[in-house]
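Here is a short report on helix packing and aromatic contacts. Please keep the model open while reading.

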Amino acid sequence: MDFVWDIVSLDEATRTVRAIAKLDPRRYETIRKDDGLYYRDKYLDFFISEKCLEESMAGAAGLPMYSDPPTIESAINYTEDRRTAIETQLQSGIFVAPNSKPDRHRQLAAQESNKDMTFVSVDICGSTKLRARGASTYDRAHAVFFQELGAVVGQFHGTILTSTGDGFIAYIDSQSVNVQSDNALDMGLTFLAVLEGAVNPALEAEGLPSLSIRVGADHGVAVVSELSVPSTGFSEKVMKSDGLNRCAKIQGKAKAGQFLIGRELYERVHVQWLERCAEVSVDLAGAFGFENYEIYSVA
């Protein structure tokens, strides 16, 4: 549910806040029926009764609320800072770290039970042709792309799952499903902003090829297990998730400069992100089980 909060009192000494929670009018409309009040979600198109809402709120007593905001406050300011840093690096060969510190990379650990995760996949468009035209210049451009967008992952408390050669797949597994979903949309849009506003101008100034990307994301439960070949000693931790599979399929259908998400992720973000989404017609023929799956473009 999306709420608007009216603060009644705030006690810094006891770290106690009292507030009135009201349903966000951007998302809900009130409808009166013979048996009472109902609220209609204008984005997900479902009704919830006032009685059901009150019972749910009472049942939530004692449950925690989570906040996990990104470490960057403004994508615009971050992009401007990174453009200068990349230009300096390309000229001097010395890496300039971001002013805001991203989370450190975490190694994938096996888990016994399913866990909610949000996945984001990024791919460079036309990378094969770009590298064929000039391997050394493309490799330099790719290194900057991976360095900068990989840092953005850490700024949104995400982790790179794997490099895909021409891109990468990242995931966010914050304790709150809604928080991780919000951060995933924010992160995907920041990828596009940093590429267009920082990476490409710096590459072009150095005579290197500019890049275009497509981004896809979705949500799902995941489990991490270990595959092994006892006779050779090989072992590898792998993540298994329908959400991960959908994320990769969705990214493959995006156009250059486009960010697409699946319905499972769409249903879990707050209204400020729903306002940025528009359903699009995407042909997922051949993606077994996804034929009628709803896809949205994020602007």
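This is a predicted model: local features need pLDDT of at least 70, side-chain atom pairs count only at pLDDT 80 or more; totals for chains, interfaces and linings use all residues.

Residues are numbered from 1 along each chain as its sequence is written, and side-chain values use heavy atoms, without hydrogens and water.

Helices (H or I, at least four residues) and strands (E, at least two) are DSSP runs, numbered from the N terminus. The axes of α4 (residues 135-155) and α5 (residues 177-205) come within 10 Å and cross at roughly 145°. Axes are lines fitted to C-alpha atoms, for helices over the stretch in contact, with angles from 0 to 180 degrees between N-to-C directions. Contact means heavy atoms within 4.5 Å. Residues meeting across it include Phe145 in α4 and Phe191 in α5.

The structure holds five aromatic pairs. Rings of Phe, Tyr and Trp (its six-membered ring) pair if their centres lie within 6.5 Å; planes under 30 degrees apart count as stacked, over 60 as edge-to-face and the rest as tilted. Two of them are tabulated here.

| Pair | Centre distance | Plane angle | Type |
|---|---|---|---|
| Phe146 and Phe168 | 5.7 Å | 85° | edge-to-face |
| Phe168 and Phe191 | 5.8 Å | 85° | edge-to-face |

Phe168 lies in strand β8 (residues 167-172) and Phe146 in α4, so their pair ties together parts 22 residues apart in sequence. Phe145, Phe146, Phe168 and Phe191 form one aromatic cluster.

Phe168 and Phe191 are both buried. Phe146 is partly exposed, at 28% relative accessible area. Buried means under 20%, exposed over 50%, partly exposed in between (1.4 Å probe, protein chains only).
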